[in-house]
Amino acid sequence: MDRENSELYLRNCQIMWENERLRKKAQRLNQENQALLSELKRKLAAKNAKRKPEFEVNMGSSSVSDQMEANKRQVLE
């Protein structure tokens with residue numbers, strides 16, 4: 001019985017050690033994921049800030065058909 005308890009105790013210690021190792025690894029991966037997500041959001045925000053509006057309304061003397069053509073060109077860019 002003592003031998004069996006000792007084996008179970010050692011196995012339990014191994015499991016706890018492995019659990020702690022995996023918990024720390026998961027924590028590091030989560031931190032890396034958060035950093036990558038922040039970088040992606042920053043890059044997307046910068047890209048969107050540089051991007052032209054899809055449809056610009058020109059209040060000049062051009063006709064409606066000219067404005068529609070200009071908007072189509074902007075969408076295709």
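**Ground rules**
I number residues from 1 along each chain as its sequence is written, and side-chain values use heavy atoms, with hydrogens and water left out. Since the model is predicted, I ask for pLDDT of at least 70 for local features and count side-chain atom pairs only at pLDDT 80 or more, while totals for chains, interfaces and linings use all residues.

**Entry: overall make-up**
I looked up the secondary structure and found 2 helices and 0 strands. Both terms are DSSP runs numbered from the N terminus: helices are H or I with at least four residues, strands are E with at least two. Helix H1 covers residues 2-50.

I then checked burial, where buried means under 20% relative accessible area, exposed means over 50%, and partly exposed lies in between (1.4 Å probe, protein chains only). Of the 77 residues in the protein, 1% are buried. The accessible surface is about 7,600 Å², and carbon and sulfur atoms hold 56% of that. Those areas come from the Shrake-Rupley method with a 1.4 Å probe; for residues, only the protein chains shown count as cover.

**Entry: salt bridges**
How many salt bridges are there? I get a count of 4, taking a salt bridge as a side-chain nitrogen of Lys or Arg within 4 Å of a carboxyl oxygen of Asp or Glu.

- Arg 3 and Glu 7 meet at 3.3 Å, N to O. The two sit 4 residues apart in helix H1, about one turn. Arg 3 is exposed because its relative accessibility is 65%, and Glu 7 is partly exposed at 43%.
- Arg 23 and Glu 20 pair at 2.5 Å, N to O. They are 3 residues apart in helix H1, so about one helical turn separates them. Arg 23 has 42% relative accessible area and is therefore partly exposed; Glu 20, at 32%, is partly exposed too.
- Glu 39 and Lys 43 form a salt bridge at 3.2 Å, N to O. Their spacing in helix H1 is 4 residues, so about one helical turn lies between them. Glu 39 is partly exposed at 34%, and Lys 43 is partly exposed at 48%.

**Entry: a nonpolar patch**
Which residues form a nonpolar patch on the surface? I found Leu 37, Leu 40 and Leu 44, with about 260 Å² of accessible area together. A patch takes residues with over 30% relative accessible area and no salt bridge; like charges are joined within 9 Å, and nonpolar side chains (Val, Leu, Ile, Met, Phe, Trp, Tyr) within 5 Å. Leu 37 belongs to helix H1, and I list Leu 37 as partly exposed because its relative accessibility is 37%.
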